[in-house]
Amino acid sequence: MDSPYNNLCLLDPSKEGFSLKFLDSVKEFLTKNNFPIKEESCSLDKALLELSQSQVEQTEPLLALRCRVSHTIAEKVVLMFSEKRAFYDLEINDMLICVLDDVGDLFLRVPQNDEKGSIQYQRQRFNWSTISSLSFKQIKPYGADIIFHFKPGLSNLSSWTKRKVNSNSELKSYLRHKGCLLISDWALLADSSSRRIKESWQLYCSGSTNLSINDVEKLHQSYLMNYKQAKANYRKVTGRQSGWEPDKDFLASLEPTQNNVEQLIAMATAIRRYLGGVDIRTNRTQLNEELIYEAQPSNDYLPSEDLLKQIEESLEQFGLPLAKEAIEADCSKWEKDPSRKLAWELYGQGLGQRDIAARCNHKQGWVSKLLEEKFLSESIAQEAAIALVRRPEFHQIKKDPEGLDRMIEQLRNHLVSSEQEGDIPPLRQMIQTALKYA
């Protein structure tokens, strides 16, 4: 019988995507225990999790959950790929390999230090007892890590898994390399206006919820009121800017009070669908919320408009000269190949790489190599970020070891994406200006 609990999704190098691996031992275990396995269910997820944690030496309950989670991982990645492939040069297998790394092993190779201090690997059964003995960074595959840290009181397993895929560092690194930056549900909610919340909910709300539009707006307003303080407390306790998630105290502070994060996730999902529906390439609004918030000292808030002005001025200060350099370096080839100039012009006008390739009668790879958008945007962002963190208004970012890297990512993201429908991203505007000097 086909079931997400006894069929493991695993990467298939022979094709684009994944294949299914049927596990007889899991099927026998589920049948023996009279578990309903036809479809995913929260009750079965809970039962298998409790069985894994109570009978820690057993392999099958955890393996059944690994199968079940693999389906959600694959589903989430395929959805991300389908939404972003039109705008970025992505490969589905490159995305899957970051998070879909479970092959159904029944044993793990666990590192141990011998008497001489050398690391030796011991073969141990893949069960709850073994993964409990591993450090945070050692739990592999990723599906096992998701299950081990799952908090049933805050979310169901499907939502938990999708959020964890969205925040996976390897996947985020791959997407950043391709020019795509993910934003968390929590930052997206904090950076969304009341109007966006209402419109997105009316168009794309979850059918399983009974909240009215007024209830959703009220919940969002209370979220905004509590979010900054919660982030400030998290930063004070952990010393980190990223990684915050709502806990039970935060959920209890909302109005109406929430028992879990499901309603907030439904709101964020509606916003993402809404943004996709109005042809905004990706949810890249962190510059107006996360970067400004991180820059502001906790007791000395400046108007966001002032900080944004400094950011925009710094980007323009370094961006236009670098854009001119890129154009000047290429213009000597235009007489021999006029399509090169046309590609720059079309890029400045806002066309995507596929459309540019079609107009220039070249492949998309040719366009990507010619424009070097990632290299150019990163160069501008690095110069601007280094200049900005020298200013007292941005000294908070310097205190975070990862602050400068994150700031560069956010600036680069701002350069290559438009936050309003119909806008031309700043980097393309710089190219338009630079072409006038060519």
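Leu-8 sits opposite Lys-21 of strand β2, in a model that is predicted, with local features needing pLDDT of at least 70, side-chain atom pairs counting only at pLDDT 80 or more, and totals for chains, interfaces and linings using all residues. Residues are numbered from 1 along each chain as its sequence is written, and side-chain values rest on heavy atoms, with hydrogens and water left out. Strands β1 (residues 7–11) and β2 (residues 18–22) run antiparallel and are joined by five bridges; pairing here takes at least two DSSP bridges between two strands. Six residues lie between the strands of this hairpin, and Gly-17 has a positive phi near 120°.

Zooming out, the protein comes to 22 helices and four strands, taken as DSSP runs numbered from the N terminus (helices: H or I, at least four residues; strands: E, at least two). Of the 438 residues, 48% are buried, where buried means under 20% relative accessible area, exposed over 50%, and partly exposed in between (1.4 Å probe, protein chains only). Among contacts (heavy atoms within 4.5 Å) between residues at least 6 apart in sequence, 66% join residues at least 24 apart.

Ala-74 gives a close-up of such packing. This residue belongs to helix α3 (residues 60–84) and is buried, at a relative accessible area of 1%. Neighbours within four places in sequence aside, Ala-74 is in contact with Cys-9, Phe-18, Leu-96 and Leu-100. Val-99, 25 residues away in sequence, has its C-alpha 8.5 Å from that of Ala-74.

Helix α7 (residues 157–166) is mostly covered, with eight of its ten residues buried. Among them are Trp-160, Arg-163 and Asn-166. At the start of α7, a side-chain oxygen of Asn-156 comes to within 3.1 Å of the backbone nitrogen of Ser-158.

Lys-140 and Pro-141 are joined by a cis peptide bond, with omega about 0°, and Pro-141 is in the loop between α5 (128–132) and α6 (142–148). Another cis peptide bond links Glu-255 to Pro-256, again with omega about 0°; Pro-256 is in the loop between α12 (248–253) and α13 (262–277).

Positive phi also turns up outside glycine. Asn-34 has a phi of about 55°, lies in the loop between α1 (24–32) and α2 (42–54), and is exposed at 69% relative accessible area. Asn-361, with phi near 60°, is in the loop between α17 (353–360) and α18 (364–371) and counts as exposed at 71% relative accessibility.

Methods:
Polar contact = N/O pair within 3.5 Å; in protein donor to acceptor, adjacent residues only side chain to side chain.
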